[in-house]
Each structure stands twice: as structure tokens, then as C-alpha cells.
Amino acid sequence: MLARGVRPYNLIDTIIKKVEADNPGQSAIASAATIIRSGGLVAFPTETVYGLGADAMNERAVQRIFEAKGRPSDNPLIVHVSSRDMLSRVVADVTPVARRLISTFWPGPLTIVLERRSEVAAAVSAGLPTVAVRMPANTVAIELIKAADTPIAAPSANASGRPSPTRAEHVVQDLAGRIEMILDAGATHIGIESTVLDLTGDTPSILRPGWITREMIAGVIGPVSLAASGDELSRSPGTRHQHYNPRARVVLVEEGAGRSLDDICAEFLREGPVGFIGHAKVDPDRPGFHAINLTADAEEYARSIYAAMREMDDKGAAVIVVQGISEAGGGAAVMDRLRRAATAIIGS
Ligand code: TXA
Ligand code: MG
């Protein structure tokens, strides 16, 4: 135990700067850019979730991301760029397929994996010959990358394994004292992480589903596969690790499970406090029970699900019962995250 007022040597002061999402202003962006240029860490909003940024060309700075998050070093990072010129500092060759995707979906929540340039810090790619890159559709993020004038490596700004942060408060919970600055522009729009698409194999392959769906991508470049098993998944090392875990145990109830949510919640209430997140009407008046109601809509689920899981932790839930939604459109990406978060799945 540390004596009161004595700080361990490795804690630093985290500056939290509130900025307007559409007009962040010169001064906050300039100080954040200076931190990035000097090898420090800045958490910033993107359209998906908050990212934890460092200069992607600075090996030591990138290593600090792994230390701050407690992230396994074999899990590579996404590099964020603000222009096509900057993209050419990161990847060896922007293929014709990549160019078509970029003109359709950038700036936006599509990450593409291409062959990397050797100037990118090796830790970014965790030893792979490839690099994942995207251009975020968020003014604060773009202004920061431009002002720093360097590609910014940024995983989601949560402690490794925890739900991704959709508000600056979530970053504070996980990383305060470990990073130099947080740019707080309020809640993010989309709420789940970008689609990751590998363009280095014979057929483009989705390594992580996201808001840009397989159908949307296929509409632009033709056949796209969905990495599902062994060999292909080993190309996206991140998918091997535990993800999106609140402290409470998550039980996912799939669509069409054929059991009443009230019965399921009652069953788990015998284990301890239960948090319910879903669109069914459940009886809220039970001791130790807390409900967060969403509409059965993929957009609302994506925007709310991580914050709702963190809120259930704050309320002391032992079990979080989450009601699933349809896989249509963005629902597939939401259900991917919920299945990864779940320790048990009830249903179809
Ligand atoms: O929306 C997002 O993508 C957010 C924001 C901050 O941009 N970032 C994000 O980063 O979710 P992260 O580190 O939490 O997830 C990156 C994913 C991991 O699954 C990782 O394995 C994969 O991208 N990845 C990164 N580089 C890769 C590479 N070279 N080859 C294959 N997969 C890669
Ligand atoms: Mg992450």
C-alpha cells in the first residue's frame, strides 16, 4: 500500500481537455499534437470509439501504448491517417482494390490491411509484414493527425480486454495516470469498432465485422470472405484475445431463444444482482435488478452497448443479461461483439 499522497513513480498527470466535436479549436489540438510529436500518448475521439494515439513512426511511443493498455504485444494496432499522401508513408503499395474502397468509404469506419513500409514502427504490426490503416470520419481526430503531421497508431482507448470507450469518462476509468492527455468531445457516433478488411490475400477477407458490412464492400469490389476459422483468424491476432469484458459475467440471449427474458433474469437473480440490457419489456421492480432498455435497432445497440455494460459494472451487477438482435445490416457486427463478450449464450 502506498502512503496517502505518495504517487508511484509510473503515474503521470493526465490532462483532460474538453473540445467541441465540430470545432475543436487551435489550442487543444496544438498541445495534443505536441505530445504526439514528442512520443507521448493522447486519447482522442473517432466516429467509432475513442482511440489511444501515439506517433506510428516512433518505436518507443508505440511500445508505450502496449504498456498503458496492458495489451499483449502480439496484437497489432491500426494506423490512422488524415490524407492519401500520408497513407503512402505507411503502406508500400496502394493496390487498385484498395483505391476503390478508399474512394468509397474513407473517411469512415473501414480499416484495410496492406503491406507495410519499413519506416512504420515494428511494434505497430506486432511482427507482421502488413499494416492496418484507416482515415477516421471525425473532425477532432483528423485535426489532430494533421497538426501532428504524422500517422497515428491507435487501438481503442480501454484497458486491454475491457469494453471499448465511447465516452471520455470511460478512458478516464481505464487509463488516467498512464497517458498524457484525453481530448473529450462527448459520445462517439457509431459506438463499435471499424470493420477490418485484409487485402493481402487472394480474396479480400473480413477479419473483424463492423459498420461497413460485407455486402457494402462486395458491392464495390466483388467477392469478400469472412474470416472464421483457424488459419485465417491467425492473421488477425487480436481476435484470439479476450475482448469487451465488463467485470460482471455476460449472458447473451440470442434472437428466437424461445424463453421469457423475465424467467432468465429471475434465474440469474439467485446468483446475485442482475443487469438487463435489451429491448423486451421486463419487470423492473425486483430487488437487485437494474434494466437498460434499448430499441431493437442495430444503430442504437452499437452506440449504447459498451457504455451500458460499464454502467452495469458501476451498479454492481454480478451477471449482465443481454438480449440479442437480428444480424441484418450492422446487427452482425453488434452480435459479433456480444458473442465475444459473453461467457454463456442462450438460444437458437
Ligand atoms: O474503430 C476502430 O478500429 C478503433 C478506432 C480507435 O480507430 N480502433 C480499434 O483498434 O478498434 P483495436 O486495436 O482495438 O483493434 C485493432 C484490430 C485488432 O483486431 C487487430 O488484431 C487488427 O485490428 N489488426 C491490426 N493490425 C493488423 C494487421 N496488420 N493484420 C491483421 N489484423 C490487424
Ligand atoms: Mg480494442
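**Entry 1: aromatic rings**

I looked for aromatic pairs and found zero in the structure. The model I am working from is a predicted one. I then checked for charges sitting over rings. Arginine 286 lies over the face of phenylalanine 289. I noted 4.4 Å from the ring centre for that contact.

**Entry 2: salt bridges**

I searched the whole structure for salt bridges and got 18. Side chains of opposite charge can pair when their charged atoms come close. I wrote up some of the bridges one by one.

I took arginine 64 and glutamate 180 to begin with. The two form a salt bridge, with the closest N and O atoms 3.1 Å apart. Which parts of the chain does this pair link? Arginine 64 is in helix H2, residues 59-69. Glutamate 180 is in the loop between helix H7 (168-175) and strand E8 (181-184). The partners are 116 residues apart, so I logged the pair as a link between distant parts of the chain.

I also looked up how accessible each partner is. Arginine 64 has a relative accessible area of 18% and is therefore buried, the cut-off being under 20%. Glutamate 180, at 21%, is partly exposed.

Next I looked at arginine 259 and glutamate 267. Their side chains meet in a salt bridge at 2.8 Å, N to O. Glutamate 267 has 34% and counts as partly exposed.

Then I looked at aspartate 336 and arginine 337. The side chains of aspartate 336 and arginine 337 form a salt bridge at 2.7 Å, N to O. Aspartate 336 counts as buried at 13% relative accessibility. Arginine 337 counts as buried at 2%.

I also checked for bridges that share partners. Arg162, Asp174, Arg310 and Asp313 are joined into one network in this way.

H11 covers residues 298-314. The axes of H7 and H11 come within 11 Å and cross at roughly 55°. H7 and H11 are therefore oblique to each other. I recorded their crossing as left-handed.

For H11 and H12, what is the crossing angle? The axes cross at roughly 25° and come within 9 Å, with H12 spanning residues 331-341. Angles under 35 degrees count as roughly parallel, so H11 and H12 get that label. The crossing of H11 and H12 is left-handed.

The last pair I took was H4 and H8, where H8 is residues 214-221. Their axes come within 10 Å and cross at roughly 120°. H4 and H8 are therefore oblique to each other. H4 passes H8 in a right-handed crossing.

**Entry 3: backbone**

I went through the peptide bonds and noted one that is cis. The bond runs from tryptophan 106 to proline 107, with omega near -10°. Where is proline 107 found? I placed proline 107 in the loop between helix H4 (96-105) and strand E5 (110-115).

Alanine 126 has a phi of about 50°, which is positive although the residue is not a glycine. Alanine 126 sits in the loop between helix H5 (122-125) and strand E6 (130-134). Its relative accessibility is 26%, and alanine 126 counts as partly exposed.

Aspartate 149 also went into the notebook. Its phi is near 55°, a positive value in a residue other than glycine. The loop that holds aspartate 149 runs between helix H6 (139-148) and strand E7 (152-153). Aspartate 149 is partly exposed, with a relative accessible area of 42%.

**Entry 4: one position in H6**

I stayed with helix H6 and looked up alanine 141, which is in that helix. Is alanine 141 buried or exposed? Alanine 141 is buried, with a relative accessible area of 0%. I also took the separation between alanine 141 and lysine 315. Their C-alpha atoms are separated by 32 Å. Along the chain, alanine 141 and lysine 315 are 174 residues apart.

Methods. Residues are numbered from 1 along each chain as its sequence is written. Chains are lettered from A and ligands numbered from 1 in the order in which they are written. This is a predicted model: local features need pLDDT of at least 70, side-chain atom pairs count only at pLDDT 80 or more; totals for chains, interfaces and linings use all residues. Side-chain values use heavy atoms; hydrogens and water are left out. A salt bridge is a side-chain nitrogen of Lys or Arg within 4 Å of a carboxyl oxygen of Asp or Glu. Helices (H or I, at least four residues) and strands (E, at least two) are DSSP runs, numbered from the N terminus. Buried means under 20% relative accessible area, exposed over 50%, partly exposed in between (1.4 Å probe, protein chains only). Rings of Phe, Tyr and Trp (its six-membered ring) pair if their centres lie within 6.5 Å; planes under 30 degrees apart count as stacked, over 60 as edge-to-face and the rest as tilted. A charge sits over a ring if NZ of Lys or CZ of Arg is within 6 Å of the ring centre and within 35 degrees of the ring normal. Axes are lines fitted to C-alpha atoms, for helices over the stretch in contact, and angles run from 0 to 180 degrees between N-to-C directions. Angles under 35 degrees count as roughly parallel, over 145 as roughly antiparallel, 65 to 115 as roughly perpendicular and the rest as oblique. A crossing is left-handed if the near helix is turned anticlockwise from the far one by less than a right angle, and right-handed if clockwise.
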